Amino acid sequence: MNDRSSELFERALKVTPGGVSSPVRAFRPNPLFIESAKGSRIKDVDGKEYIDYCMAYGPMVAGHACEDVLNAVKTYLDKGTLFGAPSEPELQLIELISSRVPSAEMVRLACSGAEATMHAVRAARGFTGRDGIVKMNGGYHGAHDSVLAERDEGHTSRPGSEGVPRDAVKNTFIAEYNDIEDLVEIIDSERPACVIMEPVMGNMGVIPPEKGYLQEVRNVTKETETVLIFDEVITGFRLTSGGAQEYYGVTPDMTTCAKIMGGGLPGSAFMGKREIMEKVAPSGKVYAAGTYAGNPISAAAGMAQINYMSKGIRYTELNGRSDTLRKALSDMLEDSKVRGCVNGVGSMMTVFFGTESVANGSQAAKADREMFGRLFRHMLGKGIYLAPSALEDWFVSAAHSSEDIAATAEAFGSFLKGAVR
Ligand SMILES: Cc1ncc(COP(=O)(O)O)c(C=O)c1O
């Protein structure tokens, strides 16, 4: 029973579209309203606790309400929340990012992932003087016009939402991920300003790069003087403290980060080569601005989370526990009569049903979503909260214990048994 959640949802439906502040949060009959969260757990307003793998869609890598993050926020709160002038925490965060992310010669702060990718694309266009951009089929870079595009004929795109003008996406071209020839074809014919891509796709479920693919993308973009932007809004500070670019040893020209670097508060950044970043106002003529950019509270929270994760062997432990979960799910799936596969890298993973492998957006789109819906409801009943959509990621945090992992694997096993009956 979730009486209070359903009551609140009824109220929300009357005053906000679909009753939620972001569409992915909606599910039937009603989303859970969350009262509080700590470590690997979230608690809803009806008092029920869940092991959480949504983790706010990625930011909470240290776990919910991490003491280091809370203490940093409390310390800075007493000093005021926003100044509209530079402050030391934002500079410290910039220096910290710059010391960790290989491509970050210069960094500019913003507030959301969408803002960071919007600024990065504009910087790439300003730097090259070209208009075309390439994104991957199924890639998501935030809710702004030029990237809210989906594949139309060949490599061209059409608006990915009502309200996006055709004109806004006429310079956006779509490539298939993990297919270097497809990308080469577009670059040769369109001479775009940039390729913007998630190095590990995370918005069609998790799709890791095939061996050598990112390096091939790097080579072709370098040869053609196309700006390569890695959108590390999800992978930044998740796979390692230097993100996917450090993990795979491939350095792009520009990078966007958000989620983890805000410590659960709104915070993002775009960064890259000095010669590109110096095009950004006020040192250059590419306009990028924001009232809340670099606010000291988000900066303090972000720094605390990045520093917390950098202590000792935290990433090794996190990735190790995640591997244990992934392997357990994968083995159980293989031993069952249910068709499916588990994709993942580090602490991000997705279970796809109805297919044996997923290497790109087209294949992910064919996964059995109805079966995922059944898994979602089963897991919820067992006290495990997954993101409600089939094509999202399961995020493990440093706060997930071996017991959490074992309980999750057991719940998944009981689903598979029921699914074949
Ligand atoms: C890869 C990627 N880029 C950009 C965004 C947009 O970030 P935000 O929701 O903070 O605007 C997201 C959001 O999930 C994302 O996954």
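What follows is a set of questions and answers about a predicted model.

Residues are numbered from 1 along each chain as its sequence is written. In this predicted model, local features need pLDDT of at least 70, side-chain atom pairs count only at pLDDT 80 or more, and totals for chains, interfaces and linings use all residues, while side-chain values use heavy atoms, with hydrogens and water left out.

Me: What share of the area that the ligand exposes when taken alone does the protein bury?
Reply: Polar contacts here are pairs of N or O atoms within 3.5 Å; within protein, one atom must be able to donate a hydrogen and the other to accept it, and residues adjacent in sequence count only if both atoms are side-chain atoms. A backbone N or O atom of G113 lies 2.8 Å from an oxygen atom of the ligand, a polar backbone atom of A114 is 2.8 Å from a ligand oxygen, and N203 brings a polar side-chain atom to 2.9 Å from an oxygen atom of the ligand. Taken alone, the ligand exposes 390 Å² (Shrake-Rupley method, 1.4 Å probe; for residues, only the protein chains shown count as cover), and the share of this area that the protein buries is 80%.

Me: Where does K259 lie, and is K259 buried or partly exposed?
Reply: Helices (H or I, at least four residues) and strands (E, at least two) are DSSP runs numbered from the N terminus, and K259 lies in the loop between β11 (254-257) and β12 (268-272). Buried means under 20% relative accessible area and exposed over 50%, with partly exposed in between (1.4 Å probe, protein chains only); at 25%, K259 counts as partly exposed.

Me: Within what arc do the buried residues of α5 fall?
Reply: In helix α5 (residues 180-190), the buried residues are I180, D182, L183, I186 and I187. On the other side of the helix, E181, D188 and S189 are exposed. The arc is taken from the directions from the helix axis to the C-beta atoms, and the buried residues line one face of α5 because, seen down its axis, they fall within 160°.

Me: Which residue caps the N-terminal end of α5?
Reply: Just after α5, R191 takes a positive phi of about 40°. At the N-terminal end, the cap is made by a side-chain oxygen that lies 3.3 Å from the backbone nitrogen of E181, and the residue that supplies this oxygen is D179.

Me: Which backbone oxygen does the side chain of T172 reach?
Reply: T172 lies in strand β8 and is buried, with a relative accessible area of 0%. Leaving aside neighbours within four places in sequence, its contacts (heavy atoms within 4.5 Å) include I133, K135, A149 and H155. At 2.7 Å, the side chain of T172 reaches the backbone oxygen of S146.

Me: Which residue does the side chain of Y50 join in a polar contact of 3.4 Å?
Reply: Y50, in strand β3 (residues 49-52), is buried at a relative accessible area of 5%. Beyond its neighbours within four places in sequence, Y50 is in contact with residues that include L32, R41, L380 and Y385. The polar contact of 3.4 Å joins the side chain of Y50 to that of D44.
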